[in-house]
Amino acid sequence: MTPQISLIIVYRNAEATLSRVFESIVRQRGEFTAEFIFVDDASTDGSARLVTEFASAHHKLDIKLLSMLEHSGPSRATQAAIDAATGEYVIRLDADDMLERDALSTMLKATEGGAADIVVTPFAIHRGKNTEMMRAANIRTELNEMPVDVSHFSMCNKFVRRSLLLGQDMRLFPGIERWEDLGLIARVMARKPRVAVVERPLYYYILDPDRPSLSRSGKELLLRDHIAMARQLEQWFEAQGLAEEYAEFLRRLKFHAKIKYLRGRGKDVKAWKTTFPEVNHGIMRQRTIPLHYRLLFLLAAKLPTPLTQAIARLT
C-alpha cells in the first residue's frame, strides 16, 4: 500500500536526542499509513546503530534507512530522502525535536481527503524550562506576507504534497546548509498551493542552548548561506517570471539575508551597504525587526560609512 505520509529524519551525531524521535514515532495515534525515512549524514557516534536497533525492534513499521557516503549537509541528505519518499505528503522531523501524539493523523485529516496541498501546524517552542506556543492566527499563507522565520519556512511543521517537490527546478540548492528549507518552501508557495492551518501546535521545536545547531552556527557561515540563498531564489523567481509578483517577498528576503552584518559583534557597515543595496530604502517597513535596529540600519544607509561604523561599535 502506498503510504499517505513520508516522515523524514536527517541525523548526524544525534545519539543524545534520537530517543525523542523514536518516542514521537511509536506514540503516534490515529488512522494513517506512513513511512519513516532515516538518513544518516555520516555520523561518527552511535547514532546509526541506535536507528538500526530501533528499526529492528519495530519491524511492523515501514522504516527506510539511508546513509550518505560522506558528510553532505542537510540539503543533500534531505534531498536524498525526498527522492526516496513515496508518500502523498512529506514532513520532516529534526533529530532533536518531537511530535504531538496525534500530529500525523490530525494533519492528514486537515488535508480534507487530499484537497489541501500543504498543512501547517504552529510550533510549540521549548527554550529550557520555557515554552512558547505559537498562535495559528499569526501564520501567514501568502508568500508576500510571510515573515522570514523558521515557523513559516520550515518543513518540520508542514505536510507538503510530494508532487510539488518533484522536478529539477524544485530540488534543494546543494551546498547551502542554512535556510535550505526556506529555499524549498518559498518556491512551493510561489505556485499558490491550497493551504490548511491546524489550530493547535503539534510540533515541539526544542532549542537547547548547550547544543549547537546550523541555524545558530557561526556568523560568517550564516551570512554566506543566507546571501547565497537570497541570490539563488532571486534567480529562480526571475527565471519563472515571478520576480515582479513576489517583489515584496524578495525585498524582505534580501534584507534579512544580510542583517547579521549589523548585528552582534564585528559589525561590517560597508558590507551591509554594498550587499543588496536596492533594499536599503525600505528599512522602516521591516516591522518584525526591533525599532533600535531599524534606526541603526537607517543610519547605516544614510550616513558615511566611517561614521556609521563608529556608531555601530557603541550598540
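In this predicted model, the axes of helix 7 and helix 8 (residues 247-257) come within 8 Å and cross at roughly 160 degrees. Helix 7 is therefore roughly antiparallel to helix 8, since an angle over 145 degrees counts as roughly antiparallel. The crossing of the two helices is left-handed. Helix 7 contributes L223, H226, I227, A230, L233, E234 and F237 to the contact, and helix 8 contributes F249, L250, L253, K254 and A257. Sorted by class, the residues of this contact are nine nonpolar, one polar and two charged.

Helix 7 (residues 219-239) also meets helix 6 (residues 180-190), their axes coming within 10 Å and crossing at roughly 20 degrees. Helix 6 and helix 7 are therefore roughly parallel to each other, because angles under 35 degrees fall in that category. The crossing of helix 6 and helix 7 is right-handed. On the side of helix 6 the contact involves E180, L182, G183, A186, R187 and A190, while on helix 7 it involves M229, L233, W236 and F237. This contact has seven nonpolar, one polar and two charged residues. L233 and F237 of helix 7 take part in the contact with helix 6, and L233 and F237 are likewise listed in the contact with helix 8. An α-helix has 3.6 residues a turn, so residues three or four places apart point the same way.

The buried residues of helix 4 are A103, L104, S105, M107 and L108. These buried residues pack against strand 1 (5-11), strand 2, strand 4 (89-92), strand 5 (98-99), strand 6 and strand 9 (158-161). Just after helix 4, E112 adopts a positive phi of about 55 degrees.

| Residue | Location | Relative accessibility |
|---|---|---|
| Q28 | loop between helix 1 (18-26) and strand 2 (34-40) | 9% |
| T111 | loop between helix 4 (103-110) and strand 6 (118-120) | 2% |
| P122 | loop between strand 6 and strand 7 (123-127) | 0% |

Q28 counts as buried because its relative accessibility of 9% falls under the 20% cut-off. The side chain of Q28 reaches the backbone oxygen of E100 at 2.9 Å. A polar atom of the Q28 side chain also lies 3.2 Å from the backbone nitrogen of L104, and L104 is itself one of the buried residues of helix 4. Apart from its neighbours within four places in sequence, Q28 is in contact with L99, E100, R101, D102, A103 and L104.

T111 is located in the loop that joins helix 4 to strand 6, and T111 is buried at 2% relative accessible area. Leaving out residues up to four places away in sequence, T111 touches Y89, A116, V119 and F159.

P122, in the loop between strand 6 and strand 7, is buried at 0% relative accessibility. When residues up to four places away in sequence are not counted, P122 touches M134, R135, A136, I139, V198, E199, R200, P201, L202 and Y203. P122 and V279 are 157 residues apart in sequence, and their C-alpha atoms are 30 Å apart in space.

Terms used:
Residues numbered from 1 in each chain as written. Predicted model: local features only at pLDDT ≥ 70, side-chain atom pairs only at ≥ 80, totals over all residues. Heavy atoms only, no water. Axes fitted to C-alpha atoms, helices over the stretch in contact; angles between N-to-C directions. Helix = DSSP H or I, 4+ residues; strand = E, 2+ residues; numbered from the N terminus. Parallel < 35°, antiparallel > 145°, perpendicular 65-115°, else oblique. Left-handed = near helix turned anticlockwise from the far one by under 90°. Contact = heavy atoms within 4.5 Å. Nonpolar A, V, L, I, M, F, W, Y, C, P; charged D, E, K, R; others polar. Buried < 20%, exposed > 50% of the residue type's maximum accessible area, 1.4 Å probe, protein only. Polar contact = N/O pair within 3.5 Å; in protein donor to acceptor, adjacent residues only side chain to side chain.
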